[in-house]
Amino acid sequence: QVQLVESGGGLVQAGGSLRLSCAAARGTFSTYAMGWFRQAPGNEREFVAAISRIGGYTYYADSVKGRFSISRDNAKNSLYLQMNSLKPEDTAVYYCAASQYYMRSYSSASSAAQYDYWGQGTQVTVSS
């Protein structure tokens with residue numbers, strides 16, 4: 001069973017950048033597809049980005065496409081989310097998640113139900 005711990009959140013001005021990290025412990029990191037989700041107060045958890053087991057496929061929500069970049073380093077058991085040109089509407093708690101399923105399409109990658117393990121989240125606040 002993999003354990004996930006996010007870091008890198010914080011307060012940033014609109015237009016700024018942040019890099020989130022997700023460290024995985026236990027389990028074999030390279031056997032999991034990984035994703036980032038976020039949840040703002042009063043909203044449902046929403047998909048942000050996902051990456052396949054060896055990084056060959058990536059998927060992004062339309063709201064972050066061109067601004068965010070997901071990557072992974074299997075040698076370091078780590079997942080990353082580079083967030084550029086941040087907007088106030090990006091404010092949320094960001095969660096990383098691990099899935100034992102193959103991510104063969106956007107529909108599967110973006111579904112929270114496909115993910116088996118979740119981190120505790122890291123807060124990102126973007127001020128206007």
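**A first look**

Guide: This is a predicted model.

Visitor: Which residues form the disulfide?

Guide: Cys 22 and Cys 96 form it, with their sulfur atoms 2.0 Å apart.

Visitor: Where do Cys 22 and Cys 96 lie?

Guide: Cys 22 is in strand β3, residues 18–25, and Cys 96 is in strand β9, residues 92–99, so the bond ties together parts that are 74 residues apart in sequence.

Visitor: Is the disulfide right-handed or left-handed, and why?

Guide: The torsion about the S-S bond of Cys 22 and Cys 96 is about 50°, so the disulfide is right-handed.

Visitor: And Cys 22 and Cys 96, buried or exposed?

Guide: Cys 22 is buried, and Cys 96 is buried too.

Visitor: Let's change topic. Where is Arg 38?

Guide: Arg 38 sits in strand β4, which covers residues 33–39.

Visitor: Is Arg 38 buried or exposed?

Guide: Arg 38 has a relative accessible area of 5%. Buried means under 20%, so Arg 38 counts as buried.

Visitor: What else does Arg 38 touch?

Guide: Leaving out residues up to four places away in sequence, Arg 38 touches a list of residues including Glu 44, Arg 45, Glu 46 and Val 48. Also among them are Ser 63, Val 64, Phe 68, Ala 92 and Val 93.

Visitor: Now the whole thing. How many strands and helices are there in the protein?

Guide: The protein has 11 strands and 1 helix. Along the sequence, the pattern is β-β-β-β-β-β-β-β-β-α-β-β.

Visitor: How compact is the protein?

Guide: Its radius of gyration is 13 Å, close to the 14 Å that the globule rule gives for 128 residues, so the protein is as compact as a globular protein of that length. The C-alpha atoms fill a box of roughly 40 × 25 × 25 Å, taken along the principal axes.

Visitor: How much of the protein counts as buried?

Guide: Of its 128 residues, 43% count as buried. The accessible surface of the protein comes to about 6500 Å², and 45% of that belongs to carbon and sulfur atoms.

Visitor: What about contacts between residues 24 or more positions apart?

Guide: Such pairs account for 59% of the contacts in the protein with a separation of 6 or more.

Note on methods. Residues are numbered from 1 along each chain as its sequence is written. This is a predicted model: local features need pLDDT of at least 70, side-chain atom pairs count only at pLDDT 80 or more; totals for chains, interfaces and linings use all residues. Side-chain values use heavy atoms; hydrogens and water are left out. A disulfide is a pair of cysteine sulfur atoms within 2.5 Å. Helices (H or I, at least four residues) and strands (E, at least two) are DSSP runs, numbered from the N terminus. Buried means under 20% relative accessible area, exposed over 50%, partly exposed in between (1.4 Å probe, protein chains only). Contact means heavy atoms within 4.5 Å. The radius of gyration is taken over C-alpha atoms; the globule rule is 2.2 Å times the number of residues to the power 0.38. Accessible areas come from the Shrake-Rupley method with a 1.4 Å probe; for residues, only the protein chains shown count as cover.
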